[in-house]
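Biologist: I would like to learn how to read a structure. Can we go through it one feature at a time?

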Amino acid sequence: MKVHLSFLIAVIALVLGSAVEVKACSCVPERPVCESFGSASAVFVGKVVGAAEQKTEKNDDGTTTTYDVGAIHFVIEEAFSGVKGRKKVTIRSGTGGADCGYWFLRGERYLVYAYGDLKQGLGTSICSRTRLLNDADEDLSFLRQLPVEGSGIKIHGMVGKLGDNNDEKVGRSIEGLGGIIVTITNKLGKRIELVTDSSGSYEISSLKPGEYEVRAALPEHYYSDEYSVRKVKVIDRGCAIEDFLAIPNGQISGRIVDVEGNPVKKAKVVLIKTSTQGRFSMRDEIATDYVNDEKGRFELNQIAPGEYLLGVNLTLSAAADEPYPPTYYPGVSDRAQASIIKVGLGEKLVNYTLRLPPKLSERVIQGLVVWPDGSPAVGAQVHLTDQNHPGWIANGTVKTDAAGRFTLKGYEGISYWVLANIYSPKKMHAEPPLVSANGTVSGLRLVLSSEGSLCEHYYNEGEDK
């Protein structure tokens, strides 16, 4: 069975939905209701009646809103766990910055998921399922139908592997792995062994509340690390959902040498699927290794079964540390002549030697950056971006001198766009010229006549330039 399960890959995502925008705060993707309930110290519906501090924020329409922050006082209207029998409770939350604080509106009713304990203090944040009561229909439907106390907890999830399908909108498909042993162990060492069904799913109910260790025994041809073992703590009537992604542990290792057979001590080695069409970019990289080794050794890991191209500078432009043209294994510049590397499930391929051609020769690109009236633009930032890899700075950025002049270094055989931007008193850029692939270039004249940063345009749209 194939399903799309984005939660199998724990990607840290910027949280956009909250009472107010909290800069530099990030949270893991929101967990289901039963799991949030199972891990919370207290869950209740309450009305905000006061707070130790308040914050006033200006809205886009010019009005202001005052929020309760810090220690927030609630009158409890409906208790689901942790605060039963109490009429009031104080919950701490952040006051701003990167503390992930949830800011509350005085007089409003909320469903609160709190963590900590009553003695030391309960707290919440925008990373919890805490929300205005009007937005909590899904949560309330679950919470108001909880089984009787003492029903125990449920631990469930699935074990899957990445499928071949790759939908840009929903991501890679996940194929469930049947027959995998999942062990659940309590604090006393008592073990329960489950086996995943044909869809990769496992489940056990009516366990006692408490702490457990959940482990998936993946076959040896899959990669295992500390994330193959999870520790959970669940309260009565809650659940824990633990999904395991089985990553194939295929491997390719070898050396990078120069044209004379000497080790290349710095290089970025990449692996690309043979099915990838057109110009390569970093998103096409299946595996990478940044060589920084006296013997030029590299090792690519976690490779799925398939056919691949191995090479250097396939996705980025030549730079000072890697002044080489795109080169495919075993040492050719033409993709059609590249050797295809076939990797089986968990297969370890060794002693691959990639020989690089001679280093590219440096060349100089010079010019002048001016304002529309012809006066020199002092301190403008100028850099090159490879025509074949737009959006990436080649060999760093320089600033124009008092006369608006700049000097950049590129490489023979590469055509470059020349980008000039200035950020004060406002963002301005020049329309970039495309310089020839060979020889010294001088006399360029770039006019800062357009608003905004061209860097932003190239990073966002560069692949289409």
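Modeller: Let us start with contacts. This is a predicted model. Leaving out residues up to four places away in sequence, Arg-144 touches Glu-78 and Phe-80.

Biologist: Where is Arg-144 found?

Modeller: Look in the loop between helix H2 (137-143) and strand S10 (153-167). Cys-100 is 44 residues apart from Arg-144 along the chain, and their C-alpha atoms are separated by 28 Å.

Biologist: Now take Val-259. Where is its place?

Modeller: Val-259 lies in the loop between strand S20 (250-257) and strand S21 (266-273).

Biologist: Which residues does Val-259 touch, not counting residues up to four places away in sequence?

Modeller: Val-259 touches Arg-355, Leu-356, Pro-357 and Pro-358. Take Pro-358 and compare sequence with space. Val-259 and Pro-358 are 99 residues apart in sequence, yet 5.9 Å apart in space, C-alpha to C-alpha.

Biologist: Next, aromatic rings. What describes a pair of them?

Modeller: Two things do: the distance of the centres and the angle of the planes. In this model the count comes to 8 aromatic pairs. Take Tyr-102 and Tyr-110. Their ring centres are 6.0 Å apart and their planes stand at 90 degrees, so this pair is edge-to-face.

Biologist: What about the rings of Phe-104 and Tyr-110?

Modeller: Their centres are 4.7 Å apart. Their planes are at 75 degrees, so this pair is edge-to-face too. The cut-off for that class is over 60 degrees.

Biologist: Are these residues buried or exposed?

Modeller: Tyr-102 and Tyr-110 are both buried. Phe-104 has a relative accessible area of 0%, so Phe-104 is buried. Tyr-110 has 1% relative accessibility and therefore counts as buried.

Biologist: Which residues form one aromatic cluster?

Modeller: Phe-44, Phe-74, Tyr-102, Phe-104 and Tyr-110 form it.

Biologist: One last feature. What sits over the ring of Phe-244?

Modeller: The charged end of Arg-230 does. That end is 4.2 Å from the centre of the Phe-244 ring.

How values were computed. Residues numbered from 1 in each chain as written. Predicted model: local features only at pLDDT ≥ 70, side-chain atom pairs only at ≥ 80, totals over all residues. Heavy atoms only, no water. Phe/Tyr/Trp six-rings, centres within 6.5 Å; stacked < 30°, edge-to-face > 60°. Buried < 20%, exposed > 50% of the residue type's maximum accessible area, 1.4 Å probe, protein only. Lys NZ or Arg CZ within 6 Å of the ring centre and 35° of its normal. Helix = DSSP H or I, 4+ residues; strand = E, 2+ residues; numbered from the N terminus. Contact = heavy atoms within 4.5 Å.
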